[in-house]
Amino acid sequence: MKKLKFIVSLFVVLLIFSCEKDNNIPLNQQQVDGQAGNPFLENFGASMDARFIGRVINEEGDPIIGASINVGNMMTVTDANGVFSVESATVYEKFAYIKASKVGFIDGSRSLVPTSGVNQVDIMLLDADPNATIGAGQPFNIGLPNGTSVNFSGDFETENGFEYLGNVQVVLRHLNPDNEAMALQMPGALIAENTSGNLQALETYGMIAVKLIGENGEVLNIAEGTTAELSVPVPTNATNPPETIPLWYFDETYGYWKEEGTAVLQGNKYVGEVSHFSFWNCDIAFDTVQLCITVVDDNNNPLPNTIVQLQRESVSWTSATAGYTNANGEVCGIIPANETLTVTIPDFGCIDNDYTEIVGPFDIDTNLTITVSDSNAQTTNVTGVFNDCSGTPATNGYVFLNYNNSVSIIPITDGILDLSIDYCLTDTEYTMQFFDITNNQSTTFVTGNFTVPITDLGTQMSCTTLLDADADGVLDFNEDLNANGDYTDDDTDQDGVPDYLDTDDDGDGVDTIDEDYDSDGDPMNDDSDGDSIPDYLDNLDVLIYATEVSGIGCIPSLIYDFDSIVSEVYFELINNTYTFYLTEADALADVNPLASPFIDDGNTQIIYVKAVNTITNQFDIAEVYLYQEYLDTDGDGLTDCEELSGIDSDLSICNPNGNITDPNVADSDGDGFDDCIEAANGTDPSDDTSVPTSPSIIVNDQTVTEGDILEYAFTLSSPAIDDIVINFEIVSSEVDFEDYQIEGIYGNNNINITIEAGSTNGVFAIVITDDTEAEGTENFTVVGTLISGSASAIGEATISIIDND
């Protein structure tokens with residue numbers, strides 16, 4: 001009964017579930033988009049009602065308040081502890097799909113085989129902060145520092161299949177099998193439908209999540225008939241990864257993975273093409289059998305709410321999955337057939353004191369009992385009675401139990417708590433609070449020390465106010481934003497009145513109860529400007545920049561097309577209108593709006609833009625300076641101001657070097673080279689006979705000592721005129737893979753390096769192995785080969801390794 005450790009769900013021991021077999025059967029949609037009778041769903045049995053409780057957290061482990069939860073045919077939201085409860089949802093006998101969503105996060109989910117009791121899950125949502133904004137119609141590569149990348153063709157469409165031509169915000173996340181949090185981050189479970197329609201268990205070599213967002217918050221995808229190339233790094237400790245591997249995408253409608261395409265190993269990455277985006281996964285598939293484990297202590301007491309982890313023995317990196325035992329101490333799952341497994345009970349008794357046992361292999365369905373024992377662990381039977389404020393046994397609640405530096409969510413369904421837990425002899429303190437979900441009430445905090453053989457919590461009545469003291473539509477419990485149990489230290493508008501007593505929590509002049517714009521009785525789920533802050537906590541429900549296009553000393557443009565300005569800087573606005581005025585007084589009074597395009601007399605330096613939220617009617621006014629220093633209309637790397645004036649503003653990637661060029665045309669002279677590239681290379685961007693030449697790549701011989709890291713540096717004779725990709729290869733008859741690693745990756749003798757247009761240098765690392773063998777000086781040559789781009793010559797360098805033995 002411990003907090004779920006970040007256990008990597010690389011190899012599925014498919015779904016952890018209870019062994020109680022009483023036809024507790026869950027059901028997802030039988031019909032989607034008008035298509036009925038999905039044959040694959042027959043793997044999951046019939047339908048029935050099941051009960052669920054769970055917790056939704058962010059990447060820092062903090063609760064996510066107000067996340068929307070969908071289970072089968074039911075929906076609810078998380079409370080201030082990030083906890084949700086669904087008393088009855090229709091799901092499948094061997095499959096339930098729980099989906100969590102919140103503005104500002106990538107949708108998350110968990111798939112499991114439900115039990116006849118309460119099914120408990122944990123879900124971690126990934127932040128959806130955009131990595132980049134790109135323009136439709138232009139090829140673009142987006143990458144992460146670890147080598148994860150996606151190459152887009154630039155063609156996008158809306159959910160309805162219409163062509164999309166605006167700016168696109170791209171969210172790219174890598175779910176790394178080396179990261180212990182991956183088990184909580186990945187969607188569903190590692191179960192899948194292969195191309196033959198068969199149920200498979202998966203072992204992952206890495207996942208990515210891609211989210212494409214339009215200017216008005218539209219959900220986008222790459223255009224039908226086009227593809228994108230993705231690169232996914234191989235786990236650091238994986239040995240002998242397969243040369244090709246199937247690709248699988250997560251079906252967000254049904255909640256399982258589907259096979260589609262393959263990826264090829266290139267260096268330390270899997271590279272493949274995909275035709276749409278969701279989560280994508282590089283996996284090997286396996287045949288399966290079913291394993292059920294009952295976990296008991298030395299006294300044969302079942303251990304409920306206990307995390308059980310299973311891991312394949314035949315892989316060289318952490319490859320495990322985990323789940324909670326049910327009330328009888330049982331967990332079940334689909335496991336790989338004919339494989340030896342390690343069973344782990346993490347943090348048994350004391351932190352970092354893991355109990356492990358080797359089991360298997362199994363070629364038929366199997367039931368096991370595992371007795372967990374440790375001299376540092378003590379077991380107590382925790383008992384208690386939990387009633388609502390009228391003295392009636394609570395039927396929909398949970399105990400929030402803190403001990404041993406961990407958190408447990410213990411469901412209460414009949415007012416009774418009676419279970420065995422393990423704790424550490426050196427840390428016997430606990431803190432407990434009961435929450436009555438049905439009546440929105442709780443007990444006070446109860447503290448104490450575990451005792452043997454029984455820890456009796458007594459009778460607790462949930463009468464501590466979870467009422468709405470300020471009648472603002474938000475329960476006091478949910479106004480404890482920092483979730484520390486103290487309502488008095490949460491004061492969003494810093495007016496001295498805590499939120500639970502403040503009728504206007506954000507101090508914007510609109511009462512919290514009146515910020516329930518969708519009239520569903522809950523102000524917590526209204527975020528009209530899409531900034532991930534609920535309106536009732538957002539004192540200005542308008543996204544607007546304090547200043548926009550500004551600068552000093554640039555030649556003003558006499559005609560300002562406000563539609564262009566808005567497309568450049570206001571694309572994030574949601575539910576807003578915008579109007580431009582010559583004076584701030586006009587903006588405040590809504591008089592004398594400027595026509596678009598606005599014709600400037602050449603002397604006007606500043607105008608004003610007013611953004612109005614069409615839902616809340618809140619507004620803000622910002623200054624717009626008419627010296628277009630920040631704008632780069634043609635996207636050539638030079639701002640409009642720099643192109644009009646020839647003056648370097650230090651706000652772009654290039655210095656115009658005094659050249660006057662067309663701010664609306666990337667290649668002013670039409671010679672095939674953008675103005676920025678020509679300016680950087682010293683050629684005339686207004687003369688089509690003056691063109692830059694391809695640079696040569698210059699490298700120097702170097703000497704390095706065993707055990708050191710060689711920074712292999714190279715320079716360009718002139719700035720790159722386009723993106724250059726060079727393959728650097730180590731060639732030698734004196735050294736082998738034992739003597740070095742490129743970028744810390746063992747077994748590579750080459751690496752591709754990209755030099756971006758305009759760059760003049762590059763570097764990568766060669767880690768020299770510090771061995772104990774006396775070898776003398778060894779030499780190798782680094783040979784460069786042009787893969788793409790423009791380079792006139794590539795030098796070679798000899799590296800000498802000085803033996804330190």
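Biologist: In which strand is Thr294 found?

Modeller: Thr294 is found in strand β24, residues 288-296, where strands (E, at least two residues) and helices (H or I, at least four residues) are DSSP runs numbered from the N terminus. This is a predicted model, in which local features need pLDDT of at least 70 and side-chain atom pairs count only at pLDDT 80 or more, while totals for chains, interfaces and linings use all residues. Residues are numbered from 1 along each chain as its sequence is written, and side-chain values use heavy atoms, with hydrogens and water left out.

Biologist: Why is Thr294 called buried?

Modeller: Buried means under 20% relative accessible area, exposed means over 50%, and partly exposed is in between, with a 1.4 Å probe and protein chains only. Thr294 has a relative accessible area of 19%, and therefore counts as buried.

Biologist: Which residues is Thr294 in contact with, leaving aside its neighbours within four places in sequence?

Modeller: With contact taken as heavy atoms within 4.5 Å, Thr294 is in contact with Asn328, Gly329, Glu330, Leu368, Thr369 and Ile370.

Biologist: What makes Val385 partly exposed, and where is its place?

Modeller: The place of Val385 is in strand β31, residues 377-388, and its relative accessible area is 29%, which is why Val385 is called partly exposed. Not counting residues up to four places away in sequence, Val385 touches Gly415, Ile416, Gly458, Thr459 and Gln460. Val385 and Gly415 are 30 residues apart in sequence, and their C-alpha atoms are 5.6 Å apart in space.

Biologist: How do you know that Glu87 and Arg51 meet in a salt bridge?

Modeller: The term requires a side-chain nitrogen of Lys or Arg within 4 Å of a carboxyl oxygen of Asp or Glu. For the side chains of Glu87 and Arg51 the N to O value is 3.7 Å, and they meet in a salt bridge. The pair links distant parts of the chain, since Glu87 is in strand β6 (residues 83-92) and Arg51 in strand β3 (residues 47-57), 36 residues apart. Arg51 counts as buried because its relative accessibility is 17%, whereas Glu87, with a relative accessible area of 42%, is partly exposed.

Biologist: How many salt bridges does this rule give?

Modeller: The count comes to five salt bridges. Among them is the one in which the side chains of Asp590 and Lys610 meet, at 2.8 Å from N to O. Asp590 lies in the loop between α3 (584-589) and β41 (598-599) and Lys610 in strand β42 (residues 606-613), so this pair ties together parts that are 20 residues apart in sequence. Lys610 counts as buried because its relative accessibility is 5%, while Asp590, at 46%, counts as partly exposed. The side chains of Asp107 and Lys99 also meet in a salt bridge, at 3.8 Å from N to O.

Biologist: What makes the phi of Asn617 worth a remark?

Modeller: Most residues other than glycine have a negative phi, and most peptide bonds are trans. Phi of Asn617 is near 70 degrees, a positive value in a residue other than glycine. The place of Asn617 is in the loop between β42 and β43 (619-625), and Asn617 is called exposed because its relative accessibility is 57%. Asn657 also has a positive phi, near 55 degrees, and is found in the loop between α4 (640-645) and α5 (675-681). With a relative accessible area of 47%, Asn657 is therefore partly exposed.

Biologist: Which peptide bond is cis, with omega near 5 degrees?

Modeller: That bond runs from Gly360 to Pro361, and the place of Pro361 is in the loop between β29 (355-359) and β30 (366-371). A cis peptide bond also joins Ser596 and Pro597, with omega about 0 degrees, and Pro597 lies in the loop between α3 and β41.

Biologist: How many helices and strands are there in the chain, and what share of its residues is buried?

Modeller: There are five helices and 53 strands in the chain, and buried residues make up 52% of its 805 residues.
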